[in-house]
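Work through the exercises below with the sequence and model open. Try each task before reading its solution.

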Number of protein chains: 2
Amino acid sequence: MSARNVSSLFQREAIFGEGRPAVVIGLNAVIITVAEEEPRILVVRRADHALAVDMPSRGLAEEPQDALPFGPFDPQVHRTLDLGVRDWVETQTGLSLGYVEQLYTFADQYRDPRELAGGGRVASIGYLALVHQGTPGGSGDAIWRSWHDYMPWEDWRDGRPAVLDEEILPGLEHWIEAAPDASHRSARLDRVAITFGTEAGAWDAERVLDRYQLLYEAGVVAEARRDRAARIALGGTSQEDLPDQPAQTGPGRSMALDHRRILATAMSRIRGKLKYRPVVFELLPAAFTLLQMQRVVEALSGVRLHKQNFRRLVIGSGLVDDTGRVEARTGGRPAALFRFRREVLRERPAPGVGLPALRGA
Amino acid sequence: MSARNVSSLFQREAIFGEGRPAVVIGLNAVIITVAEEEPRILVVRRADHALAVDMPSRGLAEEPQDALPFGPFDPQVHRTLDLGVRDWVETQTGLSLGYVEQLYTFADQYRDPRELAGGGRVASIGYLALVHQGTPGGSGDAIWRSWHDYMPWEDWRDGRPAVLDEEILPGLEHWIEAAPDASHRSARLDRVAITFGTEAGAWDAERVLDRYQLLYEAGVVAEARRDRAARIALGGTSQEDLPDQPAQTGPGRSMALDHRRILATAMSRIRGKLKYRPVVFELLPAAFTLLQMQRVVEALSGVRLHKQNFRRLVIGSGLVDDTGRVEARTGGRPAALFRFRREVLRERPAPGVGLPALRGA
DNA sequence: CCATGATATGCTCAAACTGAGCATAGAGAA
DNA sequence: TTCTCTATGCTCAGTTTGAGCATATCATGG
């Protein structure tokens with residue numbers, strides 16, 4: 001509460017002095033495409049030597065894990081963070097990114113377990129990038145995987161995902177029961193109800209991050225138990241009441257470090273953005289049918305849409321132009337081919353697929 | 001395009017090796033409150049010794065500038081970035097922050113001119129924080145100022161801001177004219193039309209950042225010319241076609257470094273958030289009248305709302321509860337006092353002041 | 001050539017939501 | 001008592017949504 005002069009910290013020494021805290025900045029990219037009606041992200045297989053190298057004898061997980069592509073940020077080379085991302089993604093994978101957007105900066109203590117072994121803090125700036133369908137997969141060991149492999153509970157296109165009732169809600173139930181007292185229990189119950197929409201059937205597609213965070217805190221997700229095991233193994237204490245399950249189980253495929261959290265952030269962001277910015281077109285070819293467009297929106301948002309109403313809204317919004325051409329290979333009546341109408345940006349303040357179904361309710 | 005193995009960069013050396021890029025992380029906070037129907041932010045007066053110290057003889061600006069509160073991030077002390085912000089804000093100003101949210105990480109080259117003088121890159125992570133009305137101002141030299149002092153063109157509550165037609169649009173006009181060729185000119189015209197809504201009178205309150213960025217690029221805002229002057233003075237080259245005006249003029253009050261850009265980011269974020277999250281209540285007392293609530297929303301969004309419809313929506317949304325008490329000092333019929341209904345979080349997926357006027361159109 | 005099975009596309013209709021006002025209520029001030 | 005204010009209730013036309021029904025236009029297989 002000391003009323004210290006605020007600008008004292010502006011002194012040069014405070015910033016450039018000896019005590020300069022060493023933070024290494026890394027850039028993680030969630031590179032998204034949509035192919036065969038599935039939203040896919042680029043992942044690499046990565047040996048979790050974070051643990052393996054430092055304590056091979058402690059018997060912690062050594063098997064390789066999926067990880068998001070990563071590149072260090074070097075201020076000597078890169079003028080801006082965005083350019084840094086584009087640069088190393090292109091260098092490593094040959095992919096030329098279209099839309100690129102900064103997501104969030106993650107710098108929690110122990111987000112990288114190497115910190116426990118004496119490494120410095122590694123801050124990671126998450127990025128979201130979109131590339132067109134049909135872009136050749138990354139070279140090297142990078143592959144495209146459906147993001148639903150990691151978040152199966154986020155795909156409601158074929159109805160309520162079974163994993164919710166089979167694994168997730170029971171796990172959360174357990175966590176609620178394990179609360180220290182009634183008030184905590186009630187708070188936990190509320191939180192589950194809010195994020196998973198257990199009450200009014202109100203599933204909010206945008207709350208991907210909230211849901212993942214909750215699953216992590218509740219120890220339902222494999223990463224939670226893995227990280228806890230790492231802390232214990234390295235001498236940290238753990239007061240947490242996580243269920244004692246094998247570290248590798250849990251809903252969805254796990255990822256290295258906090259990468260699944262970064263993915264969740266990306267999913268939340270793109271689902272939100274869909275409504276008010278024309279980002280879908282970044283994932284579509286130049287000419288497309290309305291059903292193709294609908295399928296991409298559905299893949300990203302994870303919910304089915306009413307076809308006729310989708311047409312009405314998209315056409316009515318002025319987002320697209322009829323090219324006059326048709327796509328004949330539909331298996332039925334040929335579909336008109338449309339293209340994105342860039343001029344709409346000039347006319348409407350928030351052009352996007354503002355479907356009511358996507359607006360939350 | 002070399003198809004290098006992606007995971008090669010995961011090697012420990014790449015991260016912790018000798019060539020570790022030195023990046024200092026600072027935290028800037030946009031601390032917002034609303035008092036007397038004005039949205040206010042906490043600012044400090046700061047001598048721009050960035051330039052003054054390094055080249056006192058070159059005659060560059062030495063007068064103090066407004067700056068956002070700043071604190072270094074020290075990974076040795078702070079477990080998370082959020083905690084870091086709360087900690088130094090409390091230490092320096094005695095303010096206990098309510099809502100805190102990360103905005104964006106800024107790390108452009110030369111965002112801090114000290115870099116030109118040989119300092120390392122200073123990355124800044126911007127934060128948005130809300131504190132209740134009536135919170136005592138910061139101690140030391142921190143003061144509350146209306147954010148419209150810095151962005152006067154964002155306040156449409158009393159009609160179209162005069163500064164738009166008097167200063168901004170002429171300045172942008174000049175920039176459009178100065179384009180190298182017709183296609184650039186057309187692109188610039190489009191961009192102005194989009195961000196400032198010159199076409200259909202479509203002012204999108206959320207595009208605060210787009211507008212500020214455009215003003216900066218067009219050299220309309222004082223910071224653009226200041227930064228350019230600094231680059232030239234320090235030997236950098238400048239090919240830019242910025243108008244030759246005194247560095248200190250331009251619409252709105254200028255700020256140090258890229259702080260006005262960070263403010264613009266905060267304004268965009270909160271205006272967007274207002275629609276789907278109950279953030280207004282962070283700025284209101286426990287019990288409030290609907291008009292008080294409306295005034296806070298108007299102050300933040302910069303637009304006037306229809307009173308009866310505001311009531312209808314807020315009450316209908318279940319966001320508030322009647323306390324049964326009344327506020328008598330209204331100057332007219334006493335107004336019912338309401339309080340925030342926290343349970344709404346459990347019921348609705350996206351509770352917020354989702355007024356149509358705030359939805360863009 | 002005609003039914004069948006697909007998908008595309010057009011159109012309708014009730015329910016809910018918005019934008020703008022009119023009208024009345026309950027205070028203090030003149 | 002009347003006037004002036006702000007609060008609060010209510011109406012109404014225009015628009016937007018949610019859900020379907022109906023028709024169009026292909027390919028395919030009798």
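Predicted model: local features only at pLDDT ≥ 70, side-chain atom pairs only at ≥ 80, totals over all residues.

Residues are numbered from 1 along each chain as its sequence is written, with chains lettered from A and ligands numbered from 1 in the order in which they are written.

**Exercise 1. Find how α9(A) and α10(A) pack.**

Step 1. Locate α9 (residues 290-301) and α10 (residues 307-316) in chain A. Helices are DSSP runs of H or I, at least four residues, numbered from the N terminus.

Step 2. Their angle is about 105°, with the axes 10 Å apart. Axes are lines fitted to C-alpha atoms over the stretch in contact, and angles run from 0 to 180 degrees between N-to-C directions.

Step 3. The two helices are therefore roughly perpendicular (65 to 115 degrees).

Step 4. α9(A) contributes L290(A), M293(A) and Q294(A), while α10(A) contributes K307(A), F310(A), R311(A) and V314(A). Contact means C-beta atoms, placed from the backbone, within 7 Å.

**Exercise 2. Decide which residues of α6(B) are buried.**

Step 1. The helix spans residues 208-217, and seven of its 10 residues are buried. Buried means 20 or more other C-beta atoms within 10 Å of the residue's own, with C-beta atoms placed from the backbone.

Step 2. They are V208(B), L209(B), R211(B), Y212(B), L214(B), L215(B) and Y216(B).

Step 3. Their cover includes α4, α5, α7 and α8 of chain B.

**Exercise 3. List what V280(B) touches.**

Not counting residues up to four places away in sequence, V280(B) touches L274(B), M293(B), V296(B), V297(B) and V353(B).

Terms used: Contact = placed C-beta atoms within 7 Å. Parallel < 35°, antiparallel > 145°, perpendicular 65-115°, else oblique. Buried ≥ 20, exposed ≤ 12 C-beta atoms within 10 Å, placed from the backbone.
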